Amino acid sequence: MPGAWAEVDGQKVTFYGSSLVDNSTAANGKPLDIPGASQPGIVTKAGLVLFGNNGKALLVRNVQFEDGKMIPAAQYYSSGSSAAMELTEEEKTFAEQMRAVWQSILNNVSKIEDSTDFFKSGAASMDVVRLVEEVKLRASSCQLQNEDVYMNTTFQDFIQMCVRKLRGEDEEEELVVDYVEKSINNMTIKMPHQLFINGEFVDAEGGKTYKTINPTDGMAICDVSLAQISDVDKAVAAAKEAFEEGEWGKMNPRDRGRLIYKLADLMEENQEELATIEAIDSGAVYTLALKTHVGMSIQTFRYFAGWCDKIHGSTIPINQARPNRNLTFTKKEPIGVCAIVIPWNYPLMMLAWKTAACLAAGNTVVLKPAQVTPLTALKFAELAAKAGLPKGVVNILPGSGALVGQHLSDHPDVRKLGFTGSTEIGKHIMKSCAVSNVKKVSLELGGKSPLIIFSDCDMDKAIRMGMSSVFFNKGENCIAAGRLFVENSIHDQFVKKVIGEVKKMKIGDPLDRSTDHGPQNHKAHLDKLVEYCQIGIKEGATLVCGGKQVQRPGFFFEPTVFTDVQDHMYIAKEESFGPVMIISKFESGEVDDVLRRANATEYGLASGVFTRDISKALYVSERLNAGTVFVNTYNKTDVASPFGGFKQSGFGKDLGQEALNEYLKTKAVTIEY
Amino acid sequence: MDASDRGRLLNRLADLVERDQLLLATLEALDCGKVFLTAYFVDLMAAIRTLRYYGGWADKIQGKTIPVDGAYFTYTRHEPIGVCGQIIPWNFPVMMFVWKIAPALCCGNTVVIKPAEQTPLSALHMAALIKEAGFPAGVVNVLPGYGETAGCAISHHMDIDKVAFTGSTAVGKLIQKAAGESNLKRVTLELGGKNPNIVFADCDLEHAVEQAHSGLFFNQGQCCLAGSRVFVEEPIYEEFVRRSVEKAKSKVLGNPLSPGVDQGPQIDQKQFDKILELIESGKDEGATLECGGSVWGQQGLFIQPTVFSNVTDNMRIAKEEIFGPVQQIMCFRSISEVIRRANDTQYGLAAGVFTNDINKALTVSSALQAGMVWVNCYNAMSAQCPFGGFKMSGNGRELGEYALQEYTEVKAVTIKISQKNS
């Protein structure tokens with residue numbers, strides 16, 4: 001309702017930037033009489049809450065008075081809207097200094113009066129920067145934002161605003177976090193556990209919660225708010241407002257980049273804490289979490305921060321409409337509110353891969369972490385707020401896929417959904433996205449990635465990489481090599497060496513620095529793995545080692561190796577998502593045949609080949625139907641290299657320049673002249 | 001070192017320049033005579049932004065894979081060129097320093113840079129910051145010195161693989177020649193300009209007067225971009241001149257460190273004398289001196305803001321780069337006439353056009369022979385936007401993604417494959 005107004009205290013007050021809120025928002029505030037309204041408005045720290053005749057509450061962020069002055073509605077009482085505050089001698093000196101500054105900027109104005117308006121006197125955005133810096137030079141404790149100048153355009157208002165800041169009356173409300181604290185891993189970790197909506201940690205509707213479990217011992221870590229439908233609506237509304245009305249949508253792309261760089265720096269400062277939370281919540285081995293789960297997340301934000309001011313459109317030489325001429329250019333614009341739904345295998349890194357590109361492109365986001373691993377996402381939310389990302393730009397909703405994920409897919413105000421998870425859910429999401437509002441969708445789904453090992457490879461390296469291709473992160477890795485094809489002549493030797501390596505793997509507490517192999521992510525997943533291996537045995541594959549749960553508390557599963565796996569078997573076709581190596585033989589020299597078998601899958605996420613023969617390497621990498629091909633390496637992902645699948649492994653890329661396209665829309669403008 | 005680490009070093013350098021912004025701006029004001037506030041808000045801000053911008057590019061300089069004919073596989077690598085010699089002018093010392101080093105370092109080159117002999121101080125402070133940021137020794141080397149010795153040695157050096165120069169067209173020619181005589185080093189040149197600024201009668205007059213004024217008088221007129229030929233359409237010509245004179249007269253000259261001053265001294269005696277000599281030629285050749293036209297004050301190298309009207313295209317002040325606070329205003333009648341006259345110069349650096357008519361704006365901006373065309377603005381620059389000239393204003397581009405091409409060699413790798421598949 002832009003432009004709505006009411007009479008308050010005998011003057012016309014116009015309302016700007018409003019959103020529906022629930023009535024609890026008005027719990028703490030000071031009433032404001034509005035003639036004709038069913039009940040008084042309430043001035044809260046979030047803004048002015050108004051009540052409709054139907055009892056519903058509306059939050060107004062900014063109000064404008066008759067004289068054109070606009071203030072945050074939250075400061076209705078504190079800003080001295082009608083009566084100017086008295087300045088002390090010291091403040092008067094400051095005011096006179098600032099008058100000289102205004103004079104030097106507005107050199108076409110003969111005298112700076114209290115009523116002189118900065119912009120109506122010809123100031124431009126460059127002058128705003130200068131004014132902010134001039135204030136900083138004279139009063140270092142007075143850190144203005146450009147927005148402060150835009151909201152206080154006359155000299156008097158400007159001085160009043162500066163003085164309020166100098167007196168400390170205008171402090172940004174501090175982020176209130178109700179932490180769960182734990183002393184673990186030689187540190188105290190502080191974990192937010194509520195929903196993060198519009199820059200605040202809040203309870204879910206009805207105070208609903210669930211317990212998140214530490215897979216190392218099966219014990220609950222803490223209660224986490226469980227988002228409900230109305231919470232999703234609030235988060236989407238906040239993201240929409242942040243995109244359409246807020247500072248985020250207006251700022252220069254490089255300033256957006258600086259905020260994202262800052263966020264990366266904060267994540268780095270807190271990397272040990274993040275890695276510890278990841279270890280207890282997802283069972284990730286701490287050292288791996290530090291390097292990969294958290295380390296690569298930091299790199300991802302840094303990488304995409306650099307893209308912000310480099311998102312170029314083109315000018316295009318179209319056929320001219322003679323005798324006139326044409327200019328055609330494209331602009332790459334952010335999409336708006338994006339939803340991101342991510343899995344539990346790399347909770348923070350999956351968040352980073354999608355969110356970094358999404359934010360760099362200028363969107364706002366509502367993200368649902370996996371229900372079983374919400375904690376690093378909530379810690380991330382805290383850091384995003386501390387980095388200064390405006391409210392509503394990032395919203396995090398722990399909750400179930402069936403409720404929150406579904407509602408995001410259906411939501412008419414969400415224009416893009418990025419999903420990483422199973423192919424089955426991916427299909428369902430794509431259908432919902434189509435039916436609701438044809439939202440753009442990118443899907444990074446399951447895989448059954450083939451790894452082909454030729455006899456002319458570097459055997460030691462093939463063993464080492466073959467091991468990590470399967471057992472990295474307990475096999476909870478969407479690009480994990482789901483099938484190994486080993487050339488006949490080296491097969492037995494390969495298997496023998498692999499078994500030797502598996503025996504050396506140390507299973508244990510992920511926080512123990514010497515642990516190689518931690519617990520599976522959650523109980524249901526562990527149970528599935530047990531069943532998966534039983535099917536393998538039943539169908540006649542040879543179980544060489546592992547295949548069962550480790551006898552200790554928590555959800556540990558033994559590293560497992562199957563050989564003699566035939567193409568028709570269940571374990572040759574289906575993804576295990578666990579530490580299960582599936583080895584098949586191929587006849588020596590039969591390159592085309594092994595390619596046929598490797599490609600005979602509905603998945604196409606990743607693949608690998610080991611050979612020293614450059615022609616064979618290039619031939620095989622050309623023929624493999626997969627979004628990623630590793631040659632003489634595996635799992636070598638990098639933030640600058642695009643990542644995503646072919647066929648039923650989904651479409652759309654994470655990482656690299658290409659990921660930006662998933663979060664941009666192209667507009668072509670053609671002008672005739 | 002990984003490309004992303006180079007990016008982090010550049011970002012760290014940006015943070016350090018931001019920390020020392022006050023100091024560097026003061027050095028610029030002292031050493032170059034630049035108005036302090038301009039140094040602080042324009043030069044230093046631009047330097048910081050440029051460093052951050054190229055910090056982001058370091059790990060995004062991508063080659064291509066190419067579908068060649070036959071059973072081959074081809075890809076390109078964008079490799080650094082090697083040792084880059086860089087020679088910069090005195091008018092924007094720290095900003096030019098950063099414009100040069102940031103893309104060079106971003107692409108992985110090493111640098112030998114010579115600041116102008118008049119203005120070495122900010123470059124030397126930058127050297128200290130580069131060390132503090134943690135760049136490895138030898139990556140950036142700063143050599144204050146003269147053009148005929150140090151500059152000459154750089155452009156002739158057999159181990160320098162590329163030379164980048166910003167300065168006069170005359171010296172630019174010497175540098176390109178030296179490169180040819182020595183090792184055919186790659187050359188980029190950003191040289192002089194005699195930039196047309198075209199004002200149509202249908203423009204927002206006050207805005208055009210203001211932009212044309214600052215487009216010329218900015219930095220004491222010592223800008224290669226200076227809009228030194230203002231073509232004004234006949235119906236508004238007299239009013240435009242009147243308002244321009246008013247603006248020129250209102251300028252406050254004085255110590256560049258004093259608040260409220262908006263024009264400082266010229267850089268040195270030689271430039272000072274040259275500007276006065278050109279002003280004299282304008283008077284002699286029959287242009288109307290509307291205001292200024294001589295020295296200001298009792299000491300220092302100050303020149304009064306000067307406006308000439310009734311300037312014709314054959315006069316020296318309409319053809320030669322003055323590099324001082326001297327504005328030439330010409331009159332034109334038709335769009336085809338003004339395009340012809342605007343392009344009738346050996347230079348082709350920048351140009352401006354002021355009109356509210358979208359057809360005129362696009363027609364003129366297509367027809368102008370210049371590396372940058374501004375519509376309803378002037379001197380609007382940003383780290384993302386390429387900068388450089390047509391014709392004798394130089395070759396190559398600085399800033400933007402385009403600058404990366406000037407600091408990389410493209411290597412095409414073609415591998416024989418056994419069977420073609422695409």
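Strand 15 of chain A is the biggest giver to the lining of the second largest pocket, putting in eight residues. This comes from a predicted model, and the pocket itself has a volume of about 1800 Å³. Of the 48 residues that line the second largest pocket, those closest to its centre are A:G313, A:S314, A:T315, A:F329 and B:C385. Strand 15 (326–334) of chain A is one of the elements that each supply at least two residues of the lining, along with helix 6 (253–269) of chain A and, from chain B, helix 13 (358–367) and strand 14 (372–375). Sorted by class, the lining has 27 nonpolar residues, 13 polar ones and eight charged ones.

Staying with chain A for a moment, A:P215 sits in the loop between strand 12 (209–214) and strand 13 (219–225). A:P215 counts as buried because its relative accessibility is 0%, against a cut-off of under 20%. Setting aside neighbours within four places in sequence, A:P215 is in contact with A:I280, A:D281, A:S282 and A:G283, and also with A:P519, A:Q520, A:N521, A:G554 and A:F555. A:G283 is 68 residues from A:P215 along the chain, yet their C-alpha atoms are separated by 5.8 Å.

Over in chain B, the UniProt record (an unreviewed entry) lists residues 1–413 as "domain: Aldehyde dehydrogenase".

Helix 6 of chain B, residues 147–156, has B:A150, B:G151, B:I154 and B:S155 as its buried residues. These cover an arc of only 130° around the axis, so they fall on the same side of helix 6 of chain B. As for what that buried set packs against, the partners in chain B are strand 3 (83–87), strand 4 (110–114), strand 6 (162–166) and helix 7 (169–181).

Another spot to look at in chain B is B:V98, which is found in helix 4 (residues 93–106). B:V98 counts as buried, because its relative accessibility is 0%. Not counting residues up to four places away in sequence, B:V98 touches B:A47, B:T50, B:L51, B:P103 and B:M126. B:V98 and B:Q384 are 286 residues apart in sequence, while their C-alpha atoms are 14 Å apart in space.

How values were computed
Residues numbered from 1 in each chain as written. Chains lettered and ligands numbered in written order. Predicted model: local features only at pLDDT ≥ 70, side-chain atom pairs only at ≥ 80, totals over all residues. Heavy atoms only, no water. Buried < 20%, exposed > 50% of the residue type's maximum accessible area, 1.4 Å probe, protein only. Helix = DSSP H or I, 4+ residues; strand = E, 2+ residues; numbered from the N terminus. Arc of directions from axis to C-beta. Contact = heavy atoms within 4.5 Å. UniProt positions renumbered as here; feature names shortened; annotations may be inferred. 1 Å grid on protein atoms, 1.4 Å probe; cavity = no way out; pocket = protein on both sides within 12 Å on 5 of 7 lines; lining within 4 Å. Points joined across faces, edges and corners; volume = space filled by probe spheres on them. Nonpolar A, V, L, I, M, F, W, Y, C, P; charged D, E, K, R; others polar.
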